[in-house]
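Subject: A structure for you to explore

Hi there,

Here is the structure I promised to pass on to you.

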Amino acid sequence: MMVKAIAQMRRAVRGLAVLLLAAAPLPSAQAQTAPSAPVKIDDDGTVHVPAMTVPVSSMLSPEAKQYLTDHLKAMQDPVQVQQNNGVPVFMEPYLAEAKAMFAYTMTERRIAGVRVFDYAPKAGIAKRNARRVLINLHGGGFMGCFPACAELESIPVATLGEIRVVSVDYRQGPEHKFPAASEDVALVYRELLKTYPAANIGIYGCSAGGMLTGMATAWFQKHGLPRPGAVGILCAGLTTSANGFGGDADYMTAAVGEARPAPQWPPSGDAPWTALPYFAGSDPTDPLVAPGSSDEVLRQFPPTLIITGTRGFELSSAVNTHSRMVALGVDADLHVWEGLFHGFFYKPDMPESRQAHDVILKFFDRNLGR
């Protein structure tokens, strides 16, 4: 019996040794070809990362993988990023796609003297939305992209949501400076308040339009206007920097999301706080410029939707804005799309874009008054 027990114990030990050996890391091609320059850490925490290869995320749909590749290549082509009458060349196929996919009407008009594009589904506005309206504030870095960004942000939402969307052609740089855009949004908002209750008005925008959504909400606070029912800060956060929206994303997502090198570190001492001419002479600590600079302003925000992607250069600001809002008691909802970049939903015929539009519409339907 004793001999048998010892034999069983030896077999168990040998089996355990095999399991441990199998679980141990084996030499790999990656380990054998590790970069000669290791990651270096400075005393102040600055990390020096050697050159590396970043593949397209395996979690993306096939359509999104191709879209990401096309986007990165377009960002390196000077011709593709030029604008023709407010339409960047690389956006032309997305715009054609949207116009072919969705049945809508668009009426160009002026509201309180401000030019707007007024969208509605061709089939008509849904009964539940008869007393609701969305205001769109288009992207474009406060330097263009109207009408392209306005159309790509408004056509799918108006049609799929069966709701009226008013896109504002607000004043931009370099001809105009802050607070011109906020003033224009407030003029349109005041006029719409004559027809719609504030609780039934939603405001949203992507990139500069997402930032302006926050800026306009802060502007309403200061000037005694009722807060809207809900807002959408898309492809943006409520902080800013010389290189984007601030935080880690300024350095970590530029290459893999926009095909451009990370900014120099440390920055030169005489660098302006922002490269956008619209903000020339403004104060980055002014909550009307950067609402994220004031907890008091953020605390008064209505329900807020924040959308970004892991390759969006706004990622850090979006995450930071959300966490601060939640800490302040704001009903804030954050959605982050894996592997995608700044303004990824501009291409409408893509699974991830349809997911984003669905999130936007459900958010406003849930939070606007009826």
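Two strands pair if DSSP finds at least two bridges between them. The names follow DSSP too: helices (H or I, at least four residues) and strands (E, at least two) are its runs, numbered from the N terminus. Please keep in mind that this is a predicted model, where local features need pLDDT of at least 70 and side-chain atom pairs count only at pLDDT 80 or more, while totals for chains, interfaces and linings use all residues. Residues are numbered from 1 along each chain as its sequence is written, and side-chain values use heavy atoms, with hydrogens and water left out.

Let's start with the sheet. E5 and E6 form a hairpin with two residues between them, and Ala 112 in that turn has a positive phi of about 55°. The two strands, E5 (residues 104–111) and E6 (residues 114–121), run antiparallel and are joined by eight bridges. Arg 110 has Arg 115 in E6 as its bridge partner.

Now find H5. Contact here means heavy atoms within 4.5 Å.

Which residues of H4 meet H5? They are Tyr 94, Leu 95, Ala 98 and Lys 99, which meet Ala 148, Glu 151, Leu 152 and Ile 155 in H5. By class, this contact has six nonpolar, no polar and two charged residues. (Ala, Val, Leu, Ile, Met, Phe, Trp, Tyr, Cys and Pro count as nonpolar, Asp, Glu, Lys and Arg as charged, and the others, Gly among them, as polar.) The axes of H4 and H5 come within 10 Å and cross at roughly 35°.

Lys 99 also forms a salt bridge with Glu 151, with the closest N and O atoms 3.5 Å apart. The pair links distant parts of the chain, since Lys 99 in H4 (residues 92–101) and Glu 151 in H5 are 52 residues apart. The structure holds 18 salt bridges (a side-chain nitrogen of Lys or Arg within 4 Å of a carboxyl oxygen of Asp or Glu).

H5 (residues 148–161) packs with H12 (residues 351–367) as well, at an angle of about 60° and with the axes 10 Å apart. In this contact, Pro 156, Val 157, Leu 160 and Gly 161 of H5 meet His 357, Ile 360 and Leu 361 of H12. These residues divide into five nonpolar, two polar and no charged.

Finally, some backbone details. Most residues other than glycine have a negative phi, and most peptide bonds are trans. A cis peptide bond joins Phe 146 and Pro 147, with omega about 20°, and Pro 147 is in the loop between E7 and H5. Another cis peptide bond joins Phe 178 and Pro 179, with omega about 10°; Pro 179 sits in the loop between E8 and H6 (180–192).

Enjoy exploring!

Technical notes:
Axes fitted to C-alpha atoms, helices over the stretch in contact; angles between N-to-C directions.
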